[in-house]
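User: I would like to learn how to read the packing and the charged pairs of a protein model. Could you take me through it step by step?

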Amino acid sequence: MFFYANFRKDDLLFHSFQYYLTGFLEVLFIFSVRYLENPFILCWLAFAGIPLLDFLTPPDIRNPSKEEARRLSKELRFKIPVYVAVLVDWITEFWVINWLIQNDTKQSPIIIIATILMIGLLGGLNINISHELVHKEDTFERGLGIFNLGRMFYMHWYVEHVWGHHKRVGLKDDPATARYNETLYQFIPRCVAGTWKSAWNIEKDRLLKQKGYKSVWVPQNKFIYFVASYIAFPLLVAYFLGVRAGFYFVMIGIVSFLFLEIINYIEHYGLIRNEDEKVTIQHSWNAPHRLSNIILFKLQRHSDHHENAHKPYQVLCSYEESPTMPQGYAGMIILALFPNSFRKVMNQLLDHHGGIKKLEKTNFDKLQQSVDFFVFKVAALLTLVLILSLCLQNYNNIYIIITEAGQLVAQNI
């Protein structure tokens, strides 16, 4: 009743407890792997459960007033869930790595791969926490965000994101803006390589032009420490936990930043601006889907973030004028994996938003329904996979118990 009442009044805006949900997912994943040995539970929650709950709950459109925003921005209770999410994710990753090196010879390759993918998904959520932190003016918070990115081999992303992407979003030379008709599989390699190149050029310009150094090879070069961390982190893990642990650490880091780039793809797909055009709330896709927004610390209010980069997550605003996606990020990630389906939907929305070809309300509703139906079909498939995995797991457990019981009986005879 408490949640229902607050949904109706939309007073959840003033509560910080909801943002502990991200950390709760980490704990739930440990539980599902430890006691059920089944990573598909998190997969179902992420790509079936969350989209379904997004569909069932009211849209997250309540904005704080100026006075409310001023008050909420200063409250410590909204910072604590961010710190907790970082800490819990580190604990979860190393717990999972330890579980993997103890069970990788006992479990099927499917379970091992699914476990790596799911802990990588949680790592991708943790990069989003870093995204919140690197925009802070506080030295500790910004430093924590940068350090946190080292685990995913993506410290350089902070340089490109803050001083590159936020200035060039929507321009052709922005590696993080997906072009019209570009598929996810074309975008990811271009964005990963472009992020490296852009970050290096930004740091080089800072050293040579702004600081006046004669060479980039000076101790003030951030890239020296970035690359050193990319080497040091896996070596330290391998030294203390073993070579296999180091391997899993690297795989999880790669999966984590790939999930980040999938989100980058859907955030700005096809939204292009001219060089002399100011960044506005028209240059990012928003999604008012409530549960996704909570788990992602309001990242789906992306238009306001780009117009006001230093705003803390709890006071970001939702705007009707901004282009809006038909699903939250969880559903859109699924859709993006299927390029033809994704472009069929998003290109129509781009034409509608840009005034090229306005959709009648009937056609707009049909488009929304087609996306919902697509996501529900995927949810049904994931539900079937989860049920089968649980049944097979129980079958294996029963088989082991019967086998061991038979051996005991044979020994007594």
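Analyst: Let us begin with a term: a nonpolar core is a set of buried Ala, Val, Leu, Ile, Met, Phe, Trp, Tyr and Cys residues joined through side-chain atoms within 4.5 Å. We shall apply this term to a predicted model, whose protein chain averages a pLDDT of 90, with 92% of the residues scoring at least 70.

User: Where does the pLDDT stay under 50?

Analyst: The pLDDT stays under 50 over residues 1-8, a stretch for which the model has ten contacts beyond four places in sequence.

User: How many residues does the largest nonpolar core have, and which of them have the most contacts inside it?

Analyst: The largest nonpolar core has 110 residues, and those with the most contacts inside it are F47, Y265, I266, F342 and M346. The largest share of this core comes from helix α6 (residues 109-134), which supplies 13 residues.

User: Which residues does Y265 touch, leaving aside those up to four places away in sequence?

Analyst: With those sequence neighbours left out, Y265 touches A178, E182, T183, L184, F187, A336 and F342.

User: Where is Q18 found, and is it buried or exposed?

Analyst: Q18 is found in the loop between α1 (2-9) and α2 (21-36), and at 9% relative accessibility it counts as buried, because the cut-off for that class is under 20%. Not counting residues up to four places away in sequence, Q18 touches L12, L13 and I294. The C-alpha atoms of Q18 and I254, which are 236 residues apart along the chain, are separated by 29 Å.

User: What is the general idea behind a salt bridge, and how many does the whole structure hold?

Analyst: Side chains of opposite charge can pair when their charged atoms come close. E75 forms a salt bridge with R71, the closest N and O atoms being 3.5 Å apart; E75 counts as buried at 18% relative accessibility, whereas R71 is partly exposed at 37%.

User: Where do R206 and E203 lie, and are they buried or exposed?

Analyst: R206 and E203 both lie in helix α9 (residues 184-210), three residues apart, which is about one turn of the helix, and their side chains meet in a salt bridge of 2.8 Å, N to O. R206 is buried, with a relative accessible area of 18%, and E203 also counts as buried, at 1%. Elsewhere, salt bridges that share partners join D60, K298 and R301 into one network.

Key:
Residues numbered from 1 in each chain as written. Predicted model: local features only at pLDDT ≥ 70, side-chain atom pairs only at ≥ 80, totals over all residues. Heavy atoms only, no water. Buried < 20%, exposed > 50% of the residue type's maximum accessible area, 1.4 Å probe, protein only. Helix = DSSP H or I, 4+ residues; strand = E, 2+ residues; numbered from the N terminus. Contact = heavy atoms within 4.5 Å. pLDDT = per-residue confidence, 0-100. Salt bridge = Lys/Arg side-chain N within 4 Å of Asp/Glu carboxyl O.
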